[in-house]
Structures are given as C-alpha cells and as structure tokens.
Amino acid sequence: MKLTDFMDISQLQKIQDSFSDATGLAAIAVDNDGNYITKGSNFTDFCMKLTRGCPEGAKRCQKCDATGHGTYECHAGLMDFYIDIVLNGEKLGSVIGGQVLPTEPDEDKFAAIAEDLHIDPKAYISAVRKVPVRPEKSIRAAAELLENVVNRVVLQEYMNATEYKKILVWEEEIEKATSTVAAIKKNTRELEAIASKQTIMALNASIETARVGAAGAGFGIIAKQMGEFSKQSAEIYKQITEDANKISDSIVKMNNA
C-alpha cells in the first residue's frame with residue numbers, strides 16, 4: 001500500500017511546511033523506496049548545497065539517512081530526525097529532517113569538518129552561522145509531535161477513503177435491493193392475477209359439476225382442490241407482498257440515514 005492510494009499528498013505537504021515554519025526544522029517525506037513524496041521544507045544551504053553537494057559529504061549523508069532513526073546527530077554535527085509513517089502496523093514511508101544545531105556552532109570544529117570534506121572552510125562557516133539553533137529537548141519534542149500528527153492524519157485519511165468506498169458499495173447495493181424488491185412486487189401482482197383466474201375457473205368448474213350431476217363428481221373434487229390451492233396461493237402472495245414492503249421500507253430508512 002502507498003500513501004498516494006488514499007491520501008492527497010498536498011495535505012501532508014501543508015503539515016510539513018507548517019511544522020518547519022513553526023520550529024525551524026527541515027523536513028521531507030519519502031516512500032519505502034527512498035523516493036521523495038513531498039517537497040523539502042526549510043532545508044539549508046549548509047546541508048543541501050555544501051555538505052551533500054560534495055562527493056564525500058553526500059556519501060556520509062546517505063549513510064546517516066540509511067542508519068539514523070529517531071533523533072540523532074549527523075556526521076556534520078547537526079541534529080536530524082527520522083520518523084516512520086505507519087498505518088495498521090505497515091510502514092508506508094518516513095519523514096526525515098532536522099538540520100538544526102543543539103548549541104551555538106563551534107566554528108573551529110566546522111572548519112575541520114570542511115577541510116575533511118574538501119569544502120571551502122569560510123563558505124562552510126558562513127553557512128553554518130545561518131543554521132537554526134534549538135535546544136536538543138525541543139528538537140526531540142518537535143520530531144515526536146510531527147510523528148504523532150502525521151500518523152493521526154494518515155489514519156484519518158485512510159478511514160475517510162475506506163468509508164467513502166463503503167458508502168459507494170452501500171449505495172450500489174441499496175439500488176440493487178430496491179430493483180429486486182420492485183421485481184418481486186411486479187411478479188407477485190402477476191401471480192395474484194393468475195390466482196384470481198384460478199379461483200374463477202374453480203368456481204366455474206363447481207357450477208358445471210353441479211349441472212352435470214353424478215357424472216362430474218370426480219371433476220368436482222379437482223375443482224375443489226383448485227379452489228383451495230388458489231386460496232392458499234393468494235395468502236402466500238399477500239405475505240410476500242407484505243414482506244417486500246417491509247424490505248422496501250427498511251431500504252428507504254437506511255438510505256435516508
């Protein structure tokens with residue numbers, strides 16, 4: 001299952017953007033194959049253009065992305081987070097981000113990292129000065145909040161989508177049941193008409209039997225039985241009609257509800 005199967009990703013994008021605006025933390029959602037499903041929010045030049053922009057930095061970042069979980073310190077000294085998007089026990093993707101400092105940057109430390117990555121130290125230090133600084137406790141709390149919000153929204157969107165499908169099936173089945181009830185009523189009316197004709201025929205047969213006397217005694221017995229069958233059929237047809245009407249009334253109530 002994929003998020004796009006039941007969810008408008010623009011909703012996830014709005015949550016992500018609002019989260020980044022409120023906290024200063026970067027964020028982006030990826031699927032289980034590592035493909036981005038949202039646009040990055042609040043990503044810094046320090047990370048994207050400089051650290052990930054060099055071969056060695058990109059290599060180390062990819063390792064962090066693959067192994068880091070929860071809230072952790074990346075190879076470049078920033079705090080990152082990795083949270084799972086889970087629905088009914090199934091992982092559908094992740095939200096990764098962070099790219100903030102837990103304390104004011106130690107410029108000598110970052111100059112050494114720049115040298116190790118073959119990046120211009122002056123440009124690296126200039127970029128790290130623009131990275132947001134947040135207490136580690138706040139970073140962890142923000143990541144946990146985002147995880148709870150995203151997973152609750154995903155669950156709600158899934159429930160909305162599945163309930164919508166159920167409603168479509170419900171409406172389709174109600175329409176079928178309504179058609180079936182209408183067919184039952186039509187067939188019952190036709191059977192009632194036949195039963196009425198049988199009653200008339202039985203009555204005529206009784207009259208003819210009385211007219212011919214003893215010669216028609218056997219035929220009279222049959223005529224009597226035809227009359228009884230006709231009476232019983234009429235009662236059954238009446239009951240079928242009443243039951244069909246009850247079903248019809250129930251369908252109307254369900255549809256109105």
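A crossing of two helices is right-handed if the near helix is turned clockwise from the far one by less than a right angle. In this predicted model, helix H4 passes helix H5 in a right-handed crossing.

**The H4 and H5 pair**

Two packed helices are described by the angle between their axes and the distance between the axes. Here the axes of H4 and H5 come within 9 Å and cross at roughly 130°. That angle makes H4 oblique to H5, because angles from 65 to 115 degrees count as roughly perpendicular and those over 145 as roughly antiparallel. The residues that meet are listed by helix.

| Helix | Residues in the contact |
|---|---|
| H4 (107–117) | Glu107, Phe110, Ala111, Ile113, Ala114, Glu115, Leu117 |
| H5 (121–128) | Pro121, Tyr124, Ile125, Val128 |

Within H5, Tyr124, Ile125, Ala127 and Val128 are buried. Seen down the axis of H5, these buried residues fall within an arc of 160°, so they line one face of the helix. Their cover includes H4 and helix H2 (45–51).

**Nonpolar cores**

The largest nonpolar core has 24 residues, of which Leu3, Phe6, Phe81, Val95 and Val154 touch the most other members. Two or more residues each come from helix H1 (9–23), strands E1 (26–31), E3 (79–87) and E4 (90–100), and helix H6 (136–212). H6 gives the largest share, seven residues. Leaving aside residues up to four places away in sequence, Val154 touches Leu3, Phe6, Met7, Ile85 and Leu92.

A second, separate core holds 22 residues, including Phe46, Tyr72, Leu117 and Val128. Leu117 and Val128 also take part in the contact between H4 and H5.

How values were computed:
Residues are numbered from 1 along each chain as its sequence is written. This is a predicted model: local features need pLDDT of at least 70, side-chain atom pairs count only at pLDDT 80 or more; totals for chains, interfaces and linings use all residues. Side-chain values use heavy atoms; hydrogens and water are left out. A nonpolar core is a set of buried Ala, Val, Leu, Ile, Met, Phe, Trp, Tyr and Cys residues joined through side-chain atoms within 4.5 Å. Buried means under 20% relative accessible area, exposed over 50%, partly exposed in between (1.4 Å probe, protein chains only). Helices (H or I, at least four residues) and strands (E, at least two) are DSSP runs, numbered from the N terminus. Contact means heavy atoms within 4.5 Å. The arc is that of the directions from the helix axis to the C-beta atoms. Axes are lines fitted to C-alpha atoms, for helices over the stretch in contact, and angles run from 0 to 180 degrees between N-to-C directions. Angles under 35 degrees count as roughly parallel, over 145 as roughly antiparallel, 65 to 115 as roughly perpendicular and the rest as oblique.
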